[in-house]
Amino acid sequence: MVSVGSNPGEKFQARIKRSQMIEEKDLCEEITQATTLARGEVRLVIEQLQYHIVKHAKNGESVRLKELGIFYPAIAAKAVNTIDEVTPETITRKFLKYRQNVTTRKEMNDTPIKLANMQIAGLQS
């Protein structure tokens, strides 16, 4: 058996370091700067986009944004033994999922990787 890490059996795995949360108001400002639209117009379009994606998902419909991907409704449900036991009560969660399109996936895969400082106090000898 081969051990990985500073202690027997310990393993390490890469994870993403998110630098900050970009808020809706900041996106509105960026789009305003990049277009001829006023900030209020951009805000209204983003609000309407969000509203209509959720509205269609609640109706069981998927929404494709050509350059981004597909938003679609999904559920988690308890497994039961027979079809007769399947009821709305067996649904444990309803949520909205997102699947990126090929172009977006390629762009994300082409993103350069930079390792952050890996010295974590208490883990290295």
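Colleague: Where is the place of Ile22?

Modeller: This is a predicted model, so read it as one. In it, Ile22 sits in the segment before H1.

Colleague: Does Ile22 count as buried, partly exposed or exposed, and why?

Modeller: Compare its relative accessibility with the cut-offs. Buried means under 20%, and exposed means over 50%. Ile22 has 41%, so it counts as partly exposed.

Colleague: Which residues form a nonpolar patch on the surface?

Modeller: Ile22, Leu27 and Ile31 do. Together they have about 220 Å² of accessible area.

Colleague: Let me step back. How many helices and strands does the protein have?

Modeller: Three helices and three strands. Read from the N terminus, the order is α-α-β-β-β-α.

Colleague: How do I read the length of helix H2?

Modeller: Count residues, then check the span. H2 covers residues 39-58, which is 20 residues. From first C-alpha to last, H2 reaches 29 Å. That is close to the 28 Å expected at 1.5 Å a residue.

Colleague: Which residues in H2 are buried?

Modeller: Val42, Ile46, Ile53 and Ala57.

Colleague: Why do the buried residues of H2 line one face?

Modeller: Start with the general idea. An α-helix has 3.6 residues a turn, so residues three or four places apart point the same way. Now the case here. Look down the axis of H2: its buried residues fall within an arc of 40°, so they line one face of the helix.

Colleague: What follows H2?

Modeller: Gly60 does, and its phi is positive, near 80°.

Colleague: Where is Leu65, and which residues does Leu65 touch?

Modeller: Leu65 is in strand E1. Leave out residues up to four places away in sequence, and Leu65 touches Leu49, Ile53 and Phe71. Take the pair Leu65 and Ile53: they are 12 residues apart along the chain, and their C-alpha atoms are separated by 9.9 Å.

Colleague: Is Leu65 buried or partly exposed?

Modeller: Partly exposed, because its relative accessible area is 22% and buried means under 20%.

Colleague: What share of the protein counts as buried?

Modeller: Of its 125 residues, 12%. The protein exposes about 11400 Å², and carbon and sulfur atoms supply 56% of that area.

Colleague: And what share of contacts join residues at least 24 apart?

Modeller: Take contacts between residues at least 6 apart in sequence. Among those, 31% join residues at least 24 apart.

How values were computed:
Residues numbered from 1 in each chain as written. Predicted model: local features only at pLDDT ≥ 70, side-chain atom pairs only at ≥ 80, totals over all residues. Heavy atoms only, no water. Helix = DSSP H or I, 4+ residues; strand = E, 2+ residues; numbered from the N terminus. Expected span 1.5 Å × (residues − 1). Buried < 20%, exposed > 50% of the residue type's maximum accessible area, 1.4 Å probe, protein only. Arc of directions from axis to C-beta. Patch = residues over 30% accessible without salt bridge, like charges linked within 9 Å, V, L, I, M, F, W, Y side chains within 5 Å. Areas by Shrake-Rupley, 256 points an atom, 1.4 Å probe, with all protein chains shown as cover. Salt bridge = Lys/Arg side-chain N within 4 Å of Asp/Glu carboxyl O. Contact = heavy atoms within 4.5 Å.
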